[in-house]
Amino acid sequence: MSGKRLTARSYFVAWASLVLLSASTLLLSFAPLGGFHAGAAVLIAGIKAGIIVLVFMHLAEQSNVQRLALIFALLLLAILVTFTAADVATRHVTARPPVVGDR
Amino acid sequence: MPATKSQPPPAAAIATSYLNAETTIRSWLLTTDHKRIGVLFLAATSAALALGGVFALLVRLELLTPDRTFMDAMTYNRFFTLHGVIMVWLFMIPAIPAAFGNFLLPLMLGARDVAFPRLNLASFYFYVAGAVVVLGGAIAGGADTGWTFYPPYSSQTPTALVPVLLGVFILGISSTITGINFIVTTHTMRTRGLHWFRMPLFVWAIYATSIILVLATPVLGMTLLLVAVDHAFGLGIFDPAIGGDPILFQHIFWFYSHPAVYIMVLPAMGVITEVVQAFSRKEIFSYHAIVIASLGIAFIGFLTWGHHMFTSGMSMFDAAAFGSLSMFVAVFSAIKVFTWVATLYRGSIVLDAPMLYFFGFLFLFSIGGMTGVALASTSLDVHWHDTYFVVAHFHFIMVGGTMMAFLAALHYWFPKMFGRLYPRMWSVVAAFLVFSGFVITFSPQFWLGNAGMPRRYFSYPPEFQALHVISTVGSWAIAAGLVLTLAYLVGSLRWGKPAGANPWGVASFEWDTPSPPPQHNYEEAPVVTGGPHQYWREGGGS
Amino acid sequence: MKTDALQAHYEDLGKQTHAARLGMWIFVGSEALLFSALFTLYAAYRVAYPGTFGEAAGHTDLLLGSIMTFVLITSSYAVVAGLDAARRGRTGRVAPLLAAAMALGLAFLVLKGVEYTIHFRDGIFPGRFYRFEAFPTDGARIFFTLYYFMTGLHALHVAGGLVLLGALAWLARQGRFDAVYHTPLELGGLYWHFVDVIWIFLWPLFYLLR
């Protein structure tokens with residue numbers, strides 16, 4: 001076991017942060033961010049997920065092996081999403097004919 | 001040949017072992033003993049090998065003549081699909097890990113069982129359930145999409161696709177459970193003194209395999225679920241007519257299915273590493289090289305899936321990335337091949353059946369691997385994709401590689417698992433039959449593919465017939481070798497000479513126990529003070 | 001003092017608990033990969049239909065979705081508070097806290113059902129059944145097909161989680177957990193928090209990225 005021991009206070013602070021972060025993503029979704037919407041939303045979601053994993057799921061208290069398992073799984077997820085989306089993004093000829101109304 | 005006199009072993013030699021500690025059917029069906037579960041998996045996966053082999057023989061029979069020989073095109077499509085599905089998911093993926101991994105991991109770690117014995121039993125029953133559902137689908141007519149289930153055709157095919165997909169999904173649950181069990185076992189159940197870098201290399205191989213099992217299999221599960229829902233309800237998530245993209249299916253399918261081939265080959269390599277040390281009487285040339293190569297293959301294997309999609313319509317950017325990454329994985333396989341060869345040097349080589357399969361593996365896997373590197377070149381793949389060149393490549397790896405390793409494992413650990421020896425002469429004959437049969441079956445397929453023979457085709461131009469006939473004849477030799485193997489191994493269960501604890505004189509942990517091992521493996525947990533293969537210890541004679 | 005029965009093949013209880021925890025984490029990792037195929041499809045289709053996806057997201061109910069986010073976050077809080085109570089020996093509070101988490105989870109599912117009903121009324125169905133007149137394009141159809149599949153699969157996981165929490169609450173009422181032994185509570189909690197994390201990503205993807 002490594003890391004500090006979490007307390008009832010930690011859980012409350014975590015919950016409050018989650019609510020606040022959710023509220024800010026909601027507000028941000030109305031702001032004129034243009035192309036940065038997706039990045040901002042996913043980033044904040046990632047922070048919220050991190051809080052849940054570290055505090056609610058106690059990863060902050062636990063050993064490196066669990067962290068490695070999680071990191072590796074996330075890395076693979078990133079690889080899958082990135083290469084697949086990159087395929088669609090870098091095809092110069094569309095894979096299907098465009099439909100009226102689709103942008 | 002002179003008849004062998006069957007002598008029952010003297011009464012004192014029939015000690016209590018895991019085989020006879022309890023003998024009711026219930027004690028077998030509800031066992032949580034990893035050794036019994038390993039034996040159950042061995043029986044089940046061997047049956048699957050036989051069934052998949054029957055479909056292969058039928059497919060090859062049909063290909064004896066350029067047009068219809070004795071079945072129609074739809075049946076042919078169903079048969080090669082079932083051959084693929086059964087071989088991949090009922091044999092290749094589970095065989096070495098679930099049969100030999102289960103039996104050996106705790107023994108090699110000095111433990112009494114795996115981390116989660118009841119989950120282990122559950123993994124066996126998920127396997128059985130999945131197999132039953134797949135076979136039910138086969139009886140209902142089976143799928144005709146090929147084992148790769150590509151849409152749009154898979155959404156529209158009139159065949160019984162959904163049971164086949166569901167069966168594979170259930171098999172995936174079995175694989176995932178096995179993987180979780182092995183990873184946790186390796187982390188938490190090593191006996192005192194057994195540091196990570198003192199473990200037998202077979203354990204490292206199973207560990208790397210298990211990482212792939214737990215992370216890749218769920219992606220397959222979701223992919224198959226999407227196709228099943230598509231087929232059953234017409235969702236059309238991959239249907240171009242309503243805006244879908246079939247290439248996306250290929251991405252998520254191959255994201256699993258490429259690492260899947262490393263699930264199939266890593267345990268095989270683990271077996272090969274054990275066998276080469278045992279039968280050269282020498283420790284592996286570099287322990288760390290094998291560890292790094294095993295983990296490297298597991299990791300890089302996740303980055304290469306697009307090389308199955310060079311001609312699909314995927315972007316050139318992705319094709320370039322996947323092509324280069326695919327070349328990398330060969331570096332790790334090559335490190336292993338060179339390490340095995342270097343182990344032979346100045347070794348004291350004994351040509352028993354496991355070692356014959358080792359040499360078969362070395363030769364055939366190397367050819368398979370090199371043709372893989374060739375296929376990873378996008379420009380070459382454009383010519384070879386979907387031809388027999390690819391079929392030959394992966395059969396060299398999967399049959400010439402993994403199946404040979406499976407046979408090596410069987411012949412190496414059979415005395416330990418069942419306490420009996422098998423007749424050496426017949427094992428050598430069978431090994432030659434299987435090897436030469438393999439070469440005759442699959443070498444012509446490189447020429448066929450390069451000349452343009454497409455895969456999965458029921459009929460072909462007459463100029464290809466000669467090579468097809470040669471290939472089919474080879475398949476009969478493989479079948480003969482495997483049937484012979486089954487015969488003498490099953491016979492040896494009853495009439496084989498008692499093996500003794502260490503018939504090969506090998507200095508690694510699992511040989512320290514009696515053959516067959518007692519129910520709880522070790523009375524006291526052993527303490528490890530050195531590496532896995534210390535050949536200055538005294539071993540028994542062969 | 002309650003304890004888990006030490007199984008014959010483990011050296012000590014500490015190792016056994018560590019093994020159970022590691023096993024559960026690996027399982028959670030594999031479940032994450034299960035959803036990753038769907039997130040991949042979303043990402044790829046979003047790249048293919050950037051404007052359409054954004055517009056389609058405007059047709060989901062932002063208020064309901066946001067309430068559901070709050071509900072799930074709070075139910076996770078209740079679960080971890082229950083685990084904390086057990087760790088500190090205040091075992092009487094475990095079952096009520098788990099019950100509160102279950103109530104919130106049930107509320108989530110009810111709201112989801114309400115949402116789906118609203119969509120059905122508009123003609124928003126998955127796949128080839130889609131007939132939303134305000135937005136008849138292919139990209140929107142794909143968006144909503146993914147929406148149903150991903151939120152539907154998530155809802156199934158929530159339902160499974162409710163059964164799990166129910167079982168844990170019942171065990172807690174039986175007095176089976178205390179400061180020394182509460183492993184099933186911990187492992188069940190891991191599952192519930194994981195389901196929450198998935199929703200934390202689903203919410204922006206289907207409701208916020210307008």
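1. Helix axes are lines fitted to C-alpha atoms over the stretch in contact, and the angles between them run from 0 to 180 degrees between N-to-C directions. On that basis, the axes of helix H4 (residues 95-109) of chain B and helix H8 (residues 201-233) of chain B come within 10 Å and cross at roughly 125°. H4(B) and H8(B) are therefore oblique to each other, given that angles under 35 degrees count as roughly parallel, over 145 as roughly antiparallel, 65 to 115 as roughly perpendicular and the rest as oblique. Their crossing is left-handed, a term used if the near helix is turned anticlockwise from the far one by less than a right angle, with right-handed used if clockwise.

2. On provenance, this is a predicted model, in which local features need pLDDT of at least 70 and side-chain atom pairs count only at pLDDT 80 or more, while totals for chains, interfaces and linings use all residues. Residues are numbered from 1 along each chain as its sequence is written, and chains are lettered from A and ligands numbered from 1 in the order in which they are written.

3. Chain B comes to 16 helices and 0 strands, where helices (H or I, at least four residues) and strands (E, at least two) are DSSP runs, numbered from the N terminus. Its C-alpha atoms fill a box of roughly 70 × 50 × 50 Å along the principal axes. A compact globule of 542 residues would have a radius of gyration near 24 Å, and the 23 Å of chain B agrees with this; the radius is taken over C-alpha atoms, and the globule rule is 2.2 Å times the number of residues to the power 0.38. Of the 542 residues of chain B, 58% count as buried, which requires 20 or more other C-beta atoms within 10 Å of a residue's own, with 12 or fewer making it exposed and anything in between partly exposed, the C-beta atoms being placed from the backbone.

4. Several backbone features of chain B deserve a check by eye. The peptide bond from Pro151(B) to Pro152(B) is cis, with omega near 0°, and Pro152(B) is found in the loop between helix H5 (117-139) and helix H6 (153-156). Phe149(B), in the loop between H5 and H6 of chain B, has a positive phi of about 55° although it is not a glycine, and with 24 C-beta neighbours inside 10 Å it counts as buried. In the segment after helix H16 (465-495) of chain B lies Pro516(B), and the bond from Ser515(B) to Pro516(B) is cis, with omega near -5°. Asn521(B), also placed in the segment after H16, has a positive phi of about 65° and is buried, with 22 other C-beta atoms within 10 Å.

5. Turning to the interfaces, 18 residues of chain B are in contact with 14 residues of chain A. The largest share of the side of chain B that touches chain A, 4 residues, comes from H9(B), and that side has 10 nonpolar, 6 polar and 2 charged residues. The contact between chain A and chain C takes 36 residues from chain A and 39 residues from chain C. On the chain A side of that contact, H3(A) gives the most, with 13 residues, and the residues divide into 26 nonpolar, 7 polar and 3 charged.

6. Chain C has 6 helices and 0 strands, and buried residues make up 54% of its 210 residues. Its C-alpha trace spans about 65 × 30 × 25 Å along the principal axes. Pro136(C), in the loop between helix H4 (94-122) and helix H5 (138-173) of chain C, is partly exposed, with 14 other C-beta atoms within 10 Å.

Notes. Contact = placed C-beta atoms within 7 Å. Nonpolar A, V, L, I, M, F, W, Y, C, P; charged D, E, K, R; others polar.
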